[in-house]
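Work through the exercises below with the sequence and the 3D structure at hand. Each task is followed by a solution in steps.

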Amino acid sequence: QAKLQVINNINNNYPFFNNSIDVITSRADIALHSNNLEQTYQLTKKVFEKDPYIKDKAVLLHISSLVALQLKSELFYCAHKLIDDDSQSSISWYAVGSYYYLIGNYDFARRYFSKATTIDSHFGIAWIAFGHAFAAQGEHDQAMAAYRSAARVLTGSHIPLLCVGTELLRVNQFGAAEQYLKSAKELCDFDPLIYNEIGVLYYKTKKYELAIKFFIKTLEIVGDAEKDCWEATFFNLGHCFRKLKIYDEAIKYYTIGLGLPSKNSSVYAALAFTYHLKGSLEIAINYYHKALALKPDDSWII
């Protein structure tokens, strides 16, 4: 928050600094930690337009935004350019690993993240990515080891704590997960991912009212500009209200999720089931048909 105040002060009182690469990079950093992914991408893209050979934090922010927005072609080009410029740089191999992570080739991703951390053992973000690649294949112990390595390097950062908490949540270690997630929140109270994961924790432990509180806080932080990336949060809100038998609110949030770009059969199925529970059978049947049209082999619906 202090960093945000400084940047806003510069923007308001020293407008001639607004085009400074350092200021733009700082704004991108704040945007990424607020999960404003599109803004992060646009700001880092602006940095590279000013200096195509920059190799500092802006590169890492740019790579993170490309992965989060699933811009595979741009990330492929970025990684190749970095390798061509400097094949001995840990950042270059981190970019290559990020590309393979994005396309789902986790074995190759781990290979290149390992290379990045071998070149620079203090490369915290690469350790986190290394952990993500292990977690994606259910390798819990290795993921935790990588996240803890990141925590030793990124002292004072909430990100390793968030990652450890999320991984513990994935394997249903709820007590430990809650401690790590709340510790992450104490360090950074404006990252919507933290609130979302705490919401998931309370949902899994059947504390639906608390889960709703944290999911709504997630969406408040995100705002309208980035809500397209948060379909799962709307979906989870719908689940919470359905569990509480508040069916109209459940339908409201499922319908919002349905209006987002990444439509999937689960949203139609959830709407169908909610209308079914509500007793609106004709509407339920209609949504069941739509869900099956997207996923004909869905055994839950059949």
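**Exercise 1.** In this predicted model, find the salt-bridge partner of Lys 182 and state how the two residues are placed in their helix.

Solution. 
- Step 1: Lys 182 pairs with Glu 178, and their closest N and O atoms are 3.0 Å apart. A salt bridge needs a distance within 4 Å, so the pair qualifies.
- Step 2: Both residues belong to helix α11, and because they are 4 residues apart, about one helical turn separates them.
- Step 3: An α-helix has 3.6 residues a turn, so residues three or four places apart point the same way.
- Step 4: Lys 182 is partly exposed at 37% relative accessibility, and Glu 178 is partly exposed at 22%.

**Exercise 2.** Describe the salt bridge between Arg 170 and Glu 167, and state whether each residue is buried or partly exposed.

Solution. 
- Step 1: The N to O distance between the two side chains is 2.6 Å.
- Step 2: Arg 170 and Glu 167 lie 3 residues apart in helix α10, so about one helical turn lies between them.
- Step 3: Arg 170 is partly exposed, with 37% relative accessibility.
- Step 4: Glu 167 has a relative accessible area of 3%; buried means under 20%, so Glu 167 is buried.

**Exercise 3.** Which parts of the chain does the salt bridge between Asp 29 and Lys 57 link?

Solution. 
- Step 1: The closest N and O atoms of Asp 29 and Lys 57 are 2.9 Å apart.
- Step 2: Asp 29 is in helix α2 (residues 21-33) and Lys 57 in helix α4 (residues 57-68), so the pair, 28 residues apart, links distant parts of the chain.
- Step 3: Asp 29 is buried at 6% relative accessible area, whereas Lys 57 is partly exposed at 42%.
- Step 4: The structure holds 7 salt bridges.

**Exercise 4.** Check the span of helix α14 and decide how far the rest of the structure encloses this helix.

Solution. 
- Step 1: α14 covers residues 231-243, which is 13 residues.
- Step 2: Of the 13 residues, 11 are buried, so α14 is largely enclosed. Among them are Phe 234, Phe 235 and Cys 240.
- Step 3: The buried residues pack against α12, α13, α15 and α16.

Methods: Residues numbered from 1 in each chain as written. Predicted model: local features only at pLDDT ≥ 70, side-chain atom pairs only at ≥ 80, totals over all residues. Heavy atoms only, no water. Expected span 1.5 Å × (residues − 1). Buried < 20%, exposed > 50% of the residue type's maximum accessible area, 1.4 Å probe, protein only. Contact = heavy atoms within 4.5 Å.
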